[in-house]
Amino acid sequence: MTNNISVDVRSARKVYDATSGTVVALDSVSVQIRKGEFFTLLGPSGCGKTTLLRLIAGFESPTAGEILLNGTDISGKPPFERPVNTVFQSYALFPHLTVRQNISFGLEMLGRPKDEVARKTDEVLELVKMTAMADRKPQQLSGGQQQRVALARALAPEPEVLLLDEPLSALDLKLRKEMQHELKRLQLETGITFIFVTHDQEEALTMSDRVAVMRDGRILQVGNPRDIYTRPVDRFVADFIGETNFLSATIDGKKVRLATGDTVAASGVEAHSEGAAVTLAIRPEQVRVDDKGGLAATVAETVYFGTDTHLHLTLGDGSELVARLQSPPSGEIGLSPGAKVSVSFTEGAVQVLEH
Amino acid sequence: MAQTAEQKKAREGWLLSLPALTLLILAASGPLIIIAIYAFLTAGEYSGVIWDLSFKAWFQVLFEKDIFDGTVSLADAHLTIFWRSVRLSLLTTLLTFTFGLPTAWFIATRPLKQRALWLFLITIPFWTNLLVRTFAIMEVLRVEGILNKILTGLHIIPEPLQILYTDTAVLIGMTYVYLPLMVLPLFAAIDRFDFRLIEAGYDLYAGRLTVLRRVILPIIRPGIVAGSILVFVPSLGAYVTPRVLGGGKKMMIGNFIELQFGAGRNWPLGSALALILLLIVGIALIFYVRASASENKDG
Ligand SMILES: Nc1ncnc2c1ncn2[C@@H]1O[C@H](COP(=O)(O)OP(=O)(O)O)[C@@H](O)[C@H]1O
Ligand SMILES: [Mg+2]
């Protein structure tokens, strides 16, 4: 089925010539983004997220590979011929134009009739709740307001795809939360395909229909937030998306054998051969701490986080494990360093990483 | 806003700048006052002025009286000179802008380390005397000059062009001389320009020319206005360039004024012309202040 695919990136590669030699910003990236979905590119700084967006927008052309929009190759088209709009990280609002003029710019360039431009502009102003500020210049707005205008400007021409490059990174925490909801609402209301870039895993998990985790110019894993969080393919993804415990183990039948000698049930065993050395990923909130019945462990440290308390544990072989427990009403978990405890894992919590 | 102690102290110390202020006022307004007075006196027979109130000079700016029958008519020659001055100055401004914009753009888009070098190269012509540079241009434009040698040598034109002593020669010379005055403010404006706005323009379906017209030019307007004033004002009063390249035939206001104080022996007319030149420049400056004030109001 290709007709529900909006953007189809096929083996896109981008090499920059820098003074210090060439930089491979994207290394054969293939990804299909569906119509009307909220798709997020997640990865640390420098992994190639912006480069991928710029290839889709048309500001850069791929060194190799192609980019399709609704099934047609757009690799050779300049940005002004692509029905794709960008919300720039720096907003890039035109300083010489008012909010209203900024928003109507795209519609005017498309040659839309005057009354349609005015009507559509008013509509979008309303949508981002900036009607009262319509005649101000961008410099007279706060960061959050500029953000809304940038969004409105990119939405006004009703593009097929909206590209958002870390649009919320310059906002403070409270405003960022607000805008996250706002963005999600706008995406649902307009039905436009959103390709959103962030290096904030929480943002990616809460907002997206699907997430692509990137590293060093490659896409490591694509999936919905739950898949990515509960079944990371490798150590990098597991670590990048929330905190994770990693334990070394070997495959032992349908179970895995830890370095302590204990065997535990794990998912993902089938992908590996008997006796293979593997890495296990266990989320801290899936670690249970009891008096007896599990692996023997010693409390090394307790760290109070308010709602949670983190318990740093040492297993029999010296490997470390963090358990995240809900703090009791008193705030005192009642375990001090040196205490002997017993550790077990929630059903399905132990993941054998693919590689 | 509350004034700091330092600001207050600095304000009270203005007396220290009195010598400089005195010099400035005397040097700037002194000659101007003399000119303003001379313009209303009677011309002396051989030179200088006679201290009799007269408006003849102002009459002579635009009109002439036939020496035989006393009929009054418009002084065509004067009008031609005024028109040539304004026209050549405007054209010089336009040409320096046309060449200056790409040049300034080029410099502003070089890596930071190279920029200083390019700006330095732009200012090198200022190191040489204007007269010497103008003679160099003359050497290029001459009938047997470099330009004609190249053009005929390449069989682009059959006969050498007679450029020297025409308006074109004056225009070429002034464009060459004043180009840096256009490039520098343009560079300053482009240097402040956020290049990401160009991508924003492309992203919003504006083609290359539209981005230039709707995004780049409006934003660097202060630089364009400053450069235009810096070129237009001295062009209007240019003396050396039209004198050398126009060969005394293609006079501009500056040459005409000089003529009145020299061979013309009409100091009052020269003074009146100088005041008129000042008036035109003043109008240009008002335009500049208006343009930059509206920019500030916008921003
Ligand atoms: N114009 C460029 N010239 C040279 N190298 C670049 C250029 N743009 C990006 N890069 C390099 O490409 C890599 C990916 O950059 P980018 O796509 O901006 O990453 P991200 O947006 O994920 O932080 C980085 O190593 C960066 O230094
Ligand atoms: Mg980036």
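Which residue forms a salt bridge with Arg10(A)? It's Glu66(A), and the closest N and O atoms of the two sit 3.9 Å apart. A word before the views: this is a predicted model, where local features need pLDDT of at least 70, side-chain atom pairs count only at pLDDT 80 or more, and totals for chains, interfaces and linings use all residues. Residues are numbered from 1 along each chain as its sequence is written, chains are lettered from A and ligands numbered from 1 in the order in which they are written, and side-chain values use heavy atoms, with hydrogens and water left out.

**View 1. A salt bridge within chain A joins Arg10(A) and Glu66(A).** Arg10(A) belongs to strand E1 (residues 5–18) and Glu66(A) to strand E4 (residues 64–69), so the pair ties together parts that are 56 residues apart in sequence. Strands (E, at least two residues) and helices (H or I, at least four) are DSSP runs, numbered from the N terminus. A salt bridge here means a side-chain nitrogen of Lys or Arg within 4 Å of a carboxyl oxygen of Asp or Glu. Over all chains, the structure holds 37 of them.

**View 2. Chain A meets chain B.** On the A side 26 residues are in contact (heavy atoms within 4.5 Å) with 19 residues of chain B. Together the chains bury about 2100 Å², 64% of it on carbon and sulfur atoms; that's the accessible area (1.4 Å probe) lost on putting the two parts together, summed over both. In chain A, Phe80(A), His96(A) and Met109(A) lose the most area to chain B, together 30% of what that side buries. There are 2 salt bridges between the chains.

**View 3. H2(A) (residues 99–109) crosses H10(B) (residues 208–219) at roughly 155 degrees.** The axes, which are lines fitted to C-alpha atoms over the stretch in contact, with angles run from 0 to 180 degrees between N-to-C directions, come within 13 Å. The helices are therefore roughly antiparallel (angles over 145 degrees). Phe105(A), Glu108(A) and Met109(A) touch Thr210(B), Arg214(B) and Val215(B) here. Two of these, Glu108(A) and Arg214(B), form a salt bridge, with the closest N and O atoms 3.0 Å apart.

**View 4. Within chain B, H8(B) (residues 167–192) packs on H11(B) (residues 221–236).** Their axes are 8 Å apart, at an angle of about 160 degrees, and so this pair is roughly antiparallel. Among the contact residues are Met174(B), Tyr178(B) and Leu181(B) of H8(B), plus Gly223(B), Ile224(B) and Val231(B) of H11(B).

Note on methods. Angles under 35 degrees count as roughly parallel, over 145 as roughly antiparallel, 65 to 115 as roughly perpendicular and the rest as oblique.
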